[in-house]
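User: Can you walk me through this one? I'd like to start with the overall layout and then get to the details.

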Amino acid sequence: MKSDVYFSSIKGQSREDCFKTLLNRADTYFSQFKKGSFVGIKMTVGDEKNIGYIKPGLVRILVDNLKGREVKPFVFDTNVIYKGQRQNSVDHLNLAYRKGFTPDKIGCPYIIADSVFGTDSKIVKVESGNIKEIKVPSLMTVLKDVIVLSHVTGHIMTGFAGSVKNVAMGMASRAGKQIQHSSMKPSVSTANCTACGCCIETCPANAISDHSGRVFINTNLCIGCGECIACCKFDAVKIKWREDADVFVERMAEYARGILLKIERKVFVNFAFDITEECDCISGDDPVITEDTGIFISGDILAADKACYDMLTRSGDIFSRNKKIEAHLHLFKYAGEIGLGNLNYDLVEL
Ligand code: SF4
Ligand code: SF4
């Protein structure tokens, strides 16, 4: 049994036309939403300097389509665990407004789902290999209809980021995000470290300190967010890629599965435009690593990511730097084994 993945190439048309065409062709996914139902559209506006995020005009196309079905769409995201403008809902919403996600532009409210300080975090029991419970905003325990919009990019830990990462991290509470990251315990290589101080400034847990020019990470304080790895320009912050990354992606797969279990109607849309080496949490105006490809839609989260990954890597593995893609291949395999979705798909190409 295979899952359908609808795909429309960007070649010869605008992004907006590409999305409209695909929404019409993949109507079966959207016609399942019942009149009067609340449909949450999960997406992220990215970091302050990020320019590759999904633009309000594309979101508006989806919102107008949903309103035509007389459902009640709203866009949502959650707060993050690292420093920046998305650590609390006030700064986060102001950032979203600055990036054009105002109700008049997107046609519906934009909300931050886990309260002003990201403290709305309910425990949901799950039976998984690494975790027995997940922590999510209470909205995730009652929401029945979700459309996940993901900007496809590379990723500092997993090599590739699409719908699975957007659900696992983006629909977890801050506490849930920390648990997923907690297997990662970086250390500083004194041979490479220049004591520039960037990681000390960046660390949200104040876990890094400078002792007379020697920089140390206190692993008892570290929450494994990976910000020090991202900011170090001297390759001085090390993790055990195989062990740490494998556990990290397994937790992500388990979180995504746990979050989606109670959601009855779900659609996953992957936008393969402006693809950068880092995800929208880290990249600013970084150069793209491949040409714009198109948009993928599926009712199966794993099929959506796998089809997208397969197409983007068919002429060579653009996500293979530092062997991080091994982590994502492990994620695909593990996620398939635990029943997050289907790795086998039929590509319905328009
Ligand atoms: S960012 Fe890198 S080089 Fe700078 S202090 Fe931290 S580990 Fe050392
Ligand atoms: S030491 Fe690095 S991974 Fe740990 S909390 Fe600080 S920035 Fe995040």
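Analyst: We can go from the whole chain to the domains, the sheet and then the ligands. Keep in mind that this is a predicted model.

User: OK, how many helices and strands does the chain have?

Analyst: The count is 13 helices and 14 strands.

User: And what are the dimensions of the box that the C-alpha atoms fill?

Analyst: Along the principal axes, that box is roughly 65 × 45 × 40 Å.

User: How is the chain divided into domains?

Analyst: Domain 1 is made of two stretches, 3-181 and 256-349, while domain 2 covers 187-238. Their centres, taken over C-alpha atoms, are 30 Å apart.

User: How many residues are in contact between the two domains?

Analyst: Eight residues of domain 1 are in contact with nine of domain 2. On the domain 1 side, the touching residues are five nonpolar, two polar and one charged.

User: Switching to the sheet. What is the order of its strands?

Analyst: The sheet is open and has eight strands, in the order β4-β3-β2-β7-β12-β13-β1-β14, with mixed pairing. At the edges are β4 (110-112) and β14 (345-349), each of which pairs on one side only. From one strand to the next, the twist averages 25 degrees.

User: How do β12 and β13 run, parallel or antiparallel?

Analyst: Antiparallel: β12 (residues 265-272) and β13 (residues 294-298) are joined by five bridges. One pair to look for is F271, whose bridge partner in β13 is I295.

User: Which strands does helix α3 lie across?

Analyst: Helix α3 (residues 56-67) lies across β2 (38-42), β3 (72-77) and β7 (145-151). Relative to β3, the helix runs at about 145 degrees.

User: Now the ligands. Which residues are closest to ligand 1?

Analyst: The closest are C193, C196, C199, C232 and A236, out of 14 residues that surround ligand 1. That shell has 12 nonpolar residues, two polar and no charged.

User: And which are closest to ligand 2?

Analyst: For ligand 2, they are C203, C222, C225, E227 and C228, and 14 residues surround this ligand.

User: How does the shell around ligand 2 split by class?

Analyst: By class, the shell around ligand 2 has 10 nonpolar, three polar and one charged.

Conventions. Residues numbered from 1 in each chain as written. Chains lettered and ligands numbered in written order. Predicted model: local features only at pLDDT ≥ 70, side-chain atom pairs only at ≥ 80, totals over all residues. Near = placed C-beta within 6 Å. Nonpolar A, V, L, I, M, F, W, Y, C, P; charged D, E, K, R; others polar. Pairing = 2+ DSSP bridges. Helix = DSSP H or I, 4+ residues; strand = E, 2+ residues; numbered from the N terminus. Axes fitted to C-alpha atoms, helices over the stretch in contact; angles between N-to-C directions. Contact = placed C-beta atoms within 7 Å. Domains from an automatic or database assignment.
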